[in-house]
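Take a look at the model first, then read on.

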Amino acid sequence: MSNHSVLRLHSDDDLPLSKDVMMKQTTRKLEVFSGGALVSELPLDKAALSIGRDPLGDVQLMDPRISRRHAKLTQISSSYFIEDCDSTNGTLLNGRPVHKHVFRPGDSLRIGSFELRYVMADAEEQPADVVHATVQPITKNRRAELQKAVLFFLQGSEEGQVKSLKKALFTIGHPGESVAVIARRTHGAYLLHIGGELPAVNGVEISNSVQLQDGDVIDVGEDKIKVSLS
């Protein structure tokens, strides 16, 4: 039986074009390979994408080794995260088994006989009047624009420490127990469960991403941390 891929795309109708001022845009897309050959591709322009054999899913991959609801991609601000939905045969990220992890440009997923690659590319030049969004210039110091965050470790192996976050992603917890990540973005900071026991924010367990507020207390395994945002 030959494998095939069916990708369902949901996008707005094409906008009218003109031959006036031209400009380039950077696009994000998911390329699907089978047997080393590119069989399909789709833009990464949705907040969530479901992957599996489900005919109603966003990315339908026909392979008996793939579960009906195998995995999903979730967007948090400008980043994507891959999550295996407790599939029978698992999901590989860059050759390693993964449950939930950040999915970066250049990364590759192996699901059954298919390979899915995250690609960033310059789109073909488009007329400037096609763009219906406010475009902000990229500054030289992009990190300075991210939400500032300071962590106060109240309990756990790092009790008493204070950490001012410098990177966009900061991992908390211990593999095999409970792991979460704080993702800093220009409009806020988010907590995302990666693996193990569910983390909690102000005593309430979370399974999806949640935007953090100044003064929140998060529990990840044995670690209890107070978050200060400014």
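Arginine 69 is exposed at 56% relative accessibility (exposed means over 50% relative accessible area, buried under 20%, partly exposed in between, with a 1.4 Å probe and protein chains only). Its salt-bridge partner is aspartate 54, with the closest N and O atoms 3.5 Å apart; a salt bridge here is a side-chain nitrogen of Lys or Arg within 4 Å of a carboxyl oxygen of Asp or Glu. This is a predicted model, where local features need pLDDT of at least 70 and side-chain atom pairs count only at pLDDT 80 or more, while totals for chains, interfaces and linings use all residues. Residues are numbered from 1 along each chain as its sequence is written, and side-chain values use heavy atoms, with hydrogens and water left out.

**Salt bridges**

- The count comes to eleven salt bridges under that rule.
- Aspartate 54 and arginine 69 form a salt bridge that links distant parts of the chain, 15 residues apart: aspartate 54 is in the loop between β5 and β6, and arginine 69 in the loop between β6 and β7 (71-76).
- Lysine 46 and aspartate 58 meet through their side chains at 2.6 Å, N to O.
- That pair also links distant parts of the chain, twelve residues apart, with lysine 46 in the loop between β4 (37-43) and β5 (48-52) and aspartate 58 in the loop between β5 and β6 (59-62).
- Lysine 46 is partly exposed at 23%, whereas aspartate 58 is buried at 10%.
- Arginine 65 and aspartate 63 form another salt bridge, with the closest N and O atoms 3.2 Å apart.
- Arginine 65 is partly exposed at 47%, and aspartate 63 is buried at 2%.
- Lys29, Glu31 and Glu41 are tied together in a salt-bridge network.

**The four-stranded sheet**

- Four strands make an open, antiparallel sheet in the order β17-β18-β19-β22 (strands are DSSP runs of E, at least two residues, numbered from the N terminus; two strands pair if DSSP finds at least two bridges between them).
- β17 (169-174) and β22 (210-211) are the edge strands, each with a single partner, so one side of each has no neighbour in the sheet.
- β19 (residues 188-196) pairs with β22 in the antiparallel sense over two bridges.
- Leucine 191 has valine 210, in β22, as its bridge partner.

**One more glutamate**

- Glutamate 205 sits in strand β21 (residues 204-205).
- With 56% relative accessibility, glutamate 205 is exposed.
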